[in-house]
Structures are given as C-alpha cells and as structure tokens.
Amino acid sequence: MYFKGTMTVDPSQLTHIIKVRPTKAFKRMLYFMTAGGISDKEEHETFCAIAVLQQLNSAFRGMKITNVVRLAKDDVDFYLDEAGKQDDMKEALENFQLEVDGVEATAFGALHLILEHQDEKMKYLIQVDVNRTHAVGQYPIEIQVNGLINQFQTEKGDADTLKKEMASVFTDQTAYDHFQGINRAHFAGFMGSMELELKKFIKVDDIRNDTKVQMVRPKSRVKSRHDIHHATTSNDPIFYGYYGFSDVLLYTMLWSDLCHSNNIHLSDVTVVDELGDTLMDVGETGIDAGDSAAFDVDQPFEAPTDGDISFPDDSPFAPDTGDSGGWFSGGDGGGFDFGGGDSGGSSCSSCSSCSSCGGCS
C-alpha cells in the first residue's frame, strides 16, 4: 500500500487556443477532406520557465521541501541527484538558469521537477509537470505525489525480515483499517498543505486535488529489493528508480501477499502492477483478498469475476462487453461528433476565455 495524490493547477496566465491537426486516424482523414475545417484545439500558455520554477520553489520552501531529485526541460536533464544530496533546490535552479537563456526559457514545451521529502510518517516523491501546450480543459500544471510509509524503510532489503515487522498491521481487519485510516488522513493533510502553499505563491484560477490508496500486486514473489523493477514511463514516480527509493519501496511489493494470506477485506483501493500500471479498481463494497487469486503472488494475476471491481478501458483483464465503440459512437472512444465544439462548427462553449486566439470564429 502507498498513497497517490494528483493536483492539477490552472494558473492565472494568458491563454491562447489554436486549431491543430487531429492525431486520430479518422479525424485526420476528415481534416484533409474538409480542407482543415475539422480540427482539434490546444491551449498554449505564456509561461516563462524560470518564473514558474521560482514560484514553485517558494511554495515548496514554505513546506520545507528543498531536496530536488531531477530537473528537466523537454526531457533534457539539467540536474539529476544520483548521490542523495540534501537541500539542493538552490543548486538545481542555479544550474538551470546558467544553462538556459531568456529565449529558451520562454520556448520550452514541458518542465519536469521531481522532489523528495520526509516527515514523521511518510517519505514523499513529488513530480511536477508544467506543460506549455495541453488539451482544452486540461490544466497546464500537474503534480503527482506518492507517499510511502517510512516505518517500513529497510536498509537490509530482506523481505522475510520486513514481513515480520509488518505483521502487526495484518493481525485482524480492525488493525488493518485503523492503520490505513491514520496514514490516509496524514497523506490527505500533506496534500492540503501543499495546495495552500501553492495558492500563496502562484496566482491560480482553480486547483483540483485528489488522493487515493494504491496497492501493488507484483507478477511474482519479491524476495529482496534487488527483485524490484523500474520504469521511466510509469504512472507513478516511485517506480522510476530514483536514488534511495528501493529501500522504502520494498514493503509495497509484499502488501498484496500479506492481504491475501490474512484474509483482509479491501475497499476503495486501486490495484497496480509492479511498474505502477493499473490492473483494477476496488470499490466501496470491496472484496476479500483471501478469496481471490488476484492477490496471490504465487499465481498469475486473474481478475475477479464478481465483487465491486472495475477496470481501465484498455485493460486486457476487463470483461468483454462486445461493444466495439465504432467510429461514429461519439465521446472518447474514437468516434466523431458532428455537432459543435471540436468539430469546427460555430459553437465554442468549451473555451470561453479565448477571445484573443482568433480560432473560434
């Protein structure tokens, strides 16, 4: 078990909405057939990279978060901590400002700032993505926060020893629910404090803040931290392989097995694989982990056939509904809506603030 927070920020910046060539095959064909009359739209923010980083720096310093793991612009690393340095925010920002001139600071496509922090209960990995160009309706600043329980951090990296230290959490359902509740509330408090600090230093139109519980179901039994795999494309930053995080990540690889062997009833949790990809969501009614092979690491993952379970749209484990969602089905399933909005018609209700873009006439 670990915790995930997603915060998206809509800063008070000048926004331009422009028409762009569609990326989906069917809409791209219509784009050419109509001489560009069918198009998608993107929002372009007037950010300066240095100004954004300075504002973020002020907000995080307000929470005493000063340890930078990585700073990148358009996937080019300007700073990467491979030695576990402390209080290196100033060093990272100075490296960035020395290597980026005024023109490059204005012309960036995306900024990536990853920080680490630790308090009395959790170790956090915070990934900030600032996207100059994004879809209409999406916010340009997205912050992903992972919270790991530092009580189970281990330097020995031995799974059997760590399981004994974790045993008290799984003695019965009451103990499990109490432990999860205390830590979930602590994580939510951390996310709330971050939102307040961001509002102090960044002028915003809106902030969306969401937290949830995640549980790792590895493909096979993990015996030590050396069995942990990493992926730079993971949905969660803890699986990237940043320095020092394998020691605290190990306990998450044991959680599913302990839930299964102790017949823990799970609810309101997202189950992911060992690289952070979502396998399924368990709803409020929940499911007994002891009754399902989905949580038994000695067996291949098998999705439950009943219970309060849902799956991502692209999941190979989702039940086959027989609905192909054809081209003309509309919505997000690859269909096409011949009405207003994105079709190039006169309606422009989705971008009320785009009077300066000239793209909605």
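**Helix packing and sheet order in a predicted model**

The crossing of helices H2 and H6 is right-handed (the near helix is turned clockwise from the far one by less than a right angle; helices are DSSP runs of H or I with at least four residues, numbered from the N terminus). The model is predicted, so that local features need pLDDT of at least 70 and side-chain atom pairs count only at pLDDT 80 or more, while totals for chains, interfaces and linings use all residues. Residues are numbered from 1 along each chain as its sequence is written, and side-chain values use heavy atoms, with hydrogens and water left out.

Helix H2 (residues 49–61) packs against H6 at an angle of about 135°, the axes being 8 Å apart; axes are lines fitted to C-alpha atoms, for helices over the stretch in contact, and angles run from 0 to 180 degrees between N-to-C directions. Gln55, Leu56, Ser58, Ala59 and Phe60 of H2 meet Met194, Glu197, Leu198 and Phe201 of H6, contact meaning heavy atoms within 4.5 Å.

Ten strands (DSSP runs of E, at least two residues) form an open sheet of mixed pairing, in the order E5-E4-E6-E7-E9-E1-E10-E12-E13-E15; two strands pair if DSSP finds at least two bridges between them. Strands E5 (76–80) and E15 (309–310) are the edges, each pairing on one side only. Strand E1 (residues 2–11) pairs with strand E10 (residues 204–216) in the antiparallel sense over ten bridges. Helix H6 (residues 173–201) lies across E1, E6, E7, E9 and E10.
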